[in-house]
Amino acid sequence: MQAIEGFDFFPLVFDKDGKLESQDEFDALVQRATGAPATDAIFIAHGFRNDVGEATSLYTKFLKNFRVHLNTPQFSEVAQRRFVVGGVYWPSKSFRESFGDDESEGTRGLQNPALAMADAKQRLEELKTDATPAQRRSLDQAAALLPKLEGNPDAQDKFVALVLSVVSKSKLDTTEGLPQIRRQSGSELFARLDGPPAEGTRGFFGSIGGKIGQFLNLTTWYVMKDRSGTVGAKGVAPAVRALQKSAPDVRIHLVGHSLGGRLMASCAKALSQRPKLQPASLTLLEAAFSHYGFSSDNGHGTAGFFRDVIDKAVVKGPFLSTFSAEDTVVGKAYAISSRLAGDNSREIGDASDEFGGIGRNGALKTTEVSQSKLHAPGTAYAYKIGVINNLDGSGGVIKNHGDVTNAAVTYAFASAVART
């Protein structure tokens, strides 16, 4: 067992199908929770990160600032509780935040045709990592088509169909954009993406190489979204149930950043099934899924993908969701979805965008919402129970997608824990 800032910490490793690979660590967590005994258990999940070190750094910074708050008089009661922490590690993939003119110096070389070709092949290889044998064959065929795509609509159509085979069984809803993308041909999709030719270059990667990069990036995004849901529903939710069975009085707190937010929303949705289990709190930090995910009507006459979390009153205590206009990662990811899905919103990625993200805009088209600014530490919250407490970190409180371990964010979480 290891400790982070005085919290007993247990790394819980899950594979892509949600299978718990570190059963010994989970058994140790349960033993610690029942033997001490623990009063509270925190399950926290990272976003699109392959690096265990980066995820551990996120957890360490979050718990460090959480501990700072517990050492203040405001949280003296909470400081007396005994916590166990399950750090969720799941096989996410990297996501490139930009392509083309707005990229950093280190990635502008992708405008070079040879480097762009190599990058596309690499991303196809990354998609093959966890693909089925049939999907790997499709991706090999797609790689063979790369040099033939310039000015060849038939090859573009085939290329897109082959690549999208890796998300053929995805369960994402219409507000995630994938169903609309599937209905279009490859040449139509490429026509929707901006990919200005690099100066002085010719051929496919000098003209639409950026489009290929964005399309492959988006495909990876959908693979990760689907996987995060699987890990949350089939991996973390059973672990939560197992802990609660052994330690029924322990308060469960679910925390997820980015796609880890989608993971925890999926976990909460799974916990709504009989027998319903109510976590004490749910905290979504710049979550990466549709801002209509909890809506009773997502704009197409159907409920959002995670509506059961609201309808079945899964969360017993505070339900928090941070968002920020400065979260350009969620904004850009959804901007690509919008462009490909054919949305004509005036401001792509913002609240008027059908395919906008909850980490950028908060929960929308949802009546069960209480809206407030993210508070500075020391300013008390009046959280409402049974609704989503949308916490707006725009204006520099949450400066970017990864700025979720700062004092304001962890104070909001400490305030939620104190209400349970």
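Which residues are buried in H1? Select Phe 26, Leu 29, Val 30 and Ala 33: these are the buried residues of H1, where buried means under 20% relative accessible area, exposed over 50% and partly exposed in between (1.4 Å probe, protein chains only). The model is predicted, so local features need pLDDT of at least 70 and side-chain atom pairs count only at pLDDT 80 or more, while totals for chains, interfaces and linings use all residues. Residues are numbered from 1 along each chain as its sequence is written, and side-chain values use heavy atoms, with hydrogens and water left out.

**The whole chain**

Display the chain as a cartoon. It contains 15 helices and nine strands; helices (H or I, at least four residues) and strands (E, at least two) are DSSP runs, numbered from the N terminus. Of the 420 residues, 58% are buried. Residues 24 or more positions apart supply 75% of the contacts in the chain with a separation of 6 or more, a contact being heavy atoms within 4.5 Å. Switch to a surface view: the accessible surface is about 16,800 Å², and carbon and sulfur atoms hold 49% of that area. Accessible areas come from the Shrake-Rupley method with a 1.4 Å probe; for residues, only the protein chains shown count as cover.

**Helix H1**

Select residues 23-35, which form helix H1. The 13 residues of H1 reach 18 Å from the first C-alpha to the last, close to the 18 Å expected at 1.5 Å a residue; the expected span is 1.5 Å times one less than the number of residues. Look down the axis of H1: its buried residues fall within an arc of 95 degrees, so they line one face of the helix. The arc is that of the directions from the helix axis to the C-beta atoms. Then select Asp 24, Gln 31 and Gly 35, the exposed residues on the face of H1 turned away from its buried side.

**Two cis peptide bonds**

Move to the loop between H1 and strand E3 (40-45), where Pro 37 lies. The peptide bond joining Ala 36 and Pro 37 is cis, with omega about -10 degrees. A cis bond also joins Arg 274 and Pro 275, with omega about -10 degrees. For Pro 275, select the loop between H11 and strand E6 (281-285).

**Two positive phi angles**

Select Glu 5, in the loop between strand E1 (2-4) and E2. Although Glu 5 is not a glycine, its phi is positive, about 55 degrees. Its relative accessibility is 37%, so Glu 5 counts as partly exposed. Next, select Ala 313, in the loop between helix H12 (308-311) and strand E7 (319-323). Ala 313 is a residue other than glycine and has a positive phi near 45 degrees. Ala 313 is partly exposed, with a relative accessible area of 41%.

**The largest pocket**

What is the volume of the largest pocket? The value is about 840 Å³. On a 1 Å grid over the protein atoms alone, a pocket is an open set of points with protein on both sides within 12 Å along at least five of seven lines, a cavity is a set of points where a 1.4 Å probe fits but cannot get out, and lining residues have an atom within 4 Å of a point. Grid points are joined across faces, edges and corners, and a volume is the space filled by probe spheres set on the points. Of the 29 residues lining the largest pocket, select the closest to its centre: Lys 169, Ser 170, Asp 226, Arg 227 and Thr 230. H10 and helix H11 (259-271) are the elements that give two or more residues to this lining. The largest share, seven residues, comes from H10.

The structure holds one cavity of 30 Å³ or more, and the largest cavity has a volume of about 30 Å³. Residues lining the largest cavity include Ile 44, Leu 58, Phe 62, Val 255 and Val 404. E3, helix H2 (52-70) and strand E5 (251-257) each supply at least two lining residues, and E5 gives the most, with three.

Finish in strand E5 with Ile 252. Ile 252 counts as buried, at 1% relative accessibility.
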